[in-house]
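Reader: Can you walk me through this structure? I would like to start with the strands and then look at some helices.

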Amino acid sequence: MALDIEQSFPLKASSLQTGSPRAATLKASPSQAGGQHAGQAGPAFSTVGRLVRGGVQGAFVRYGSIIALAILWQVAATAGWINPAVIPPLDRIFEALTNGFISGPLWRDLAISLQRSGIAFAAAVAIGIPLGLFMGEIRLVERALDPILQLLRQTSALALYPVFILLLGLGETSKVFVIFWATLFPILLATIGGVKQADPKLIEMARVYGARRRHIFRSVVLPGALPQIFVGLRLSATTALLLLIAAEMIGANSGLGFQVMNAQYNFQIPLMFGAILLLAALGLVANLILETLQKRLCRWAPAKA
Amino acid sequence: MTTATEALRGEVTIRDLSKTFNINGRALNVLKGVNLDIRGGECLAIVGASGSGKTTLLRVLAGLEDADEGRVLIDGEPVHGVGTERAVIFQEPRLLPWRTVIENVAFPLELRGLSRDEGLKRARRYVQLVGLTDFVEAYPSQLSGGMAQRVGIARALAIQPEILLLDEPLGALDAMTKLTMQEELSRIWREEKVTMIIVTHDLEEAIYLADRVLVLPKDKSGQLREISVDLPRPRNRSEEGFVRLREQLLAEFGLH
């Protein structure tokens, strides 16, 4: 299987004259070959062999499926198993992406998309976390506001988008606001939940040692709520991208979501896929940043997915 | 106000203490007219069947519950609520999971306004006292049950209380660890010279640690019974006097 691919891959790649697919083959083949070598070397150098094999195996288990998918995509499109006009091979997609960045509008689209989702997410964090902490700590406020919260949460942000457009116009404000709206609730609810879940036994312990409410909140409640807050942040980051794309598809003339739609209208299918991949990458990067931050701040707790 | 030579700090006087809980509309007498004097520096064990109110009594002493009637005096002063001269060790270690061992021990010192450096310095001394010097930077999730409880003990001692209140502190530990920790508690009590009031359901533990064992009757109108433990320390669990006291205590519960 691996040999088949390696034989057919460079052939097609060279005929297309682009750099990216070769990079892809280079990336894919050493791990395949390495796996084979390590497998043969294993019995001879038992410890080293096992370690190397373990590492390679680990990497293979982790990334093998995505590499296999990429290879399958490339081969299927170039060999004509699927219509390359609808699903172009990966190298054409990367070519379109490169061109889009060098001479096309992609930088501008990426920047405006980041700006929209960034401002909205930041605003949701800036409002959602303090408000959530307040509502979680003061039970009466939470009980009083919970019905409204549940109603607003269950109302789809996209359904409200026309309302926001009416209120705020067709410009940036309504787009940012609809993303903000959708991202606010996961953060708010996770923060409230995190605060409410504070361990009463730890609070009692702090009380015994003379902690006042302010201390208890800062030293017991807040750190305990942090992992939960991060669950909300990561959920919100995903939601932010989702709403970004939807908002840009509905009423924008720039941005990655617009570019996906626009490229499809103009039948620039590789560019369309390029923009889609870029959005996926954006999601992965956002999640990675939050995950790293979470590991930093919650070293004591096992990271939750 | 007091001098260092005065070893009688931490004296507890309990007068006519009553406490009633309201459970499903029914009044439940948990403590009724309890009178008790505990000398400064004494180690008192409180035993009793479940429902005898032993934990409630300790919680009233800690200031976590208010009594309905009666008074608690510490060194002659009536107490209200929690206070800095008392520390509580619970059955669970109740450590803050996001703080390391040393930071957990320093936690009550921060509340007391000690600077971070001062707090950590003092905390280190008590971490050493409970034998966890190698684990100062460990997080609670990395500790065994016994080690975590040692941290809880170090934290309580770090505030240098006059009275240490222990609510079944070894109840959640395995049998072997429990025995080791009993020796540890006995040693700490002798070194730190605090008044120690320990609630336990382990009669052997009570005899091993205490100067006096108080038996709370399940029947609230019944008398408080007490047994003095006049054995030299460190105590031997299989020694004749020890065994006899154990039998005597078992008999209090109608057991043999």
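Predicted model: local features only at pLDDT ≥ 70, side-chain atom pairs only at ≥ 80, totals over all residues.

Reader: In what order do the strands of the open sheet in chain B come?

Author: The order is β6-β7-β8-β3-β9-β10, 6 strands in chain B, and the pairing is mixed.

Reader: Which strands stand at the edges?

Author: β6 (86-89) and β10 (225-228) of chain B do. Each has a single partner strand, so one side of each is left without a neighbour in the sheet. On average, neighbouring strands of this sheet are turned by 20 degrees against each other, direction ignored.

Reader: What holds strands together anyway?

Author: Strands of a sheet pair through backbone hydrogen bonds, in a parallel or an antiparallel way.

Reader: β3 and β8 of chain B, then: parallel or antiparallel?

Author: Parallel, over 4 bridges, between residues 43-48 of β3 and residues 195-199 of β8 in chain B. Opposite B:Cys43 stands B:Met196 of β8(B).

Reader: And β1 with β2 in chain B, parallel or antiparallel?

Author: Antiparallel: β1 (residues 12-23) and β2 (residues 26-38) of chain B share 9 bridges. B:Ile23 has B:Arg26 in β2(B) as its bridge partner.

Reader: How many residues lie between the strands of that hairpin of β1(B) and β2(B)?

Author: There are 2, and in this hairpin B:Asn24 takes a positive phi near 50 degrees.

Reader: New topic, helix α3 of chain B. Which of its residues are buried?

Author: They are B:Gly119, B:Ala123, B:Tyr126, B:Val127 and B:Leu129. Seen down the axis of α3(B), the buried residues fall within an arc of 145 degrees, so they line one face of the helix.

Reader: Which exposed residues are on the face turned away from that buried side of α3(B)?

Author: B:Asp117, B:Arg125 and B:Gln128.

Reader: What covers the buried residues of α3(B)?

Author: The cover includes α2 (101-111), α4 (145-158) and α5 (175-192) of chain B. Just after α3(B), B:Gly131 has a positive phi of about 75 degrees.

Reader: Now chain A. How far should helix α8 of chain A span?

Author: At 1.5 Å a residue, the 25 residues of α8 (residues 172-196) in chain A should span 36 Å. The end C-alpha atoms of α8 in chain A are 36 Å apart, which agrees.

Reader: Where does α8(A) bend?

Author: At A:Leu184, by about 25 degrees, and the proline A:Pro186 follows within four residues.

Reader: Is α8(A) mostly covered or mostly uncovered?

Author: Mostly covered, with 21 of the 25 residues of α8(A) buried.

Key:
Residues numbered from 1 in each chain as written. Chains lettered and ligands numbered in written order. Pairing = 2+ DSSP bridges. Axes fitted to C-alpha atoms, helices over the stretch in contact; angles between N-to-C directions. Buried ≥ 20, exposed ≤ 12 C-beta atoms within 10 Å, placed from the backbone. Arc of directions from axis to C-beta. Contact = placed C-beta atoms within 7 Å. Expected span 1.5 Å × (residues − 1). Bend = angle between axes of the 7 residues up to and from the residue.
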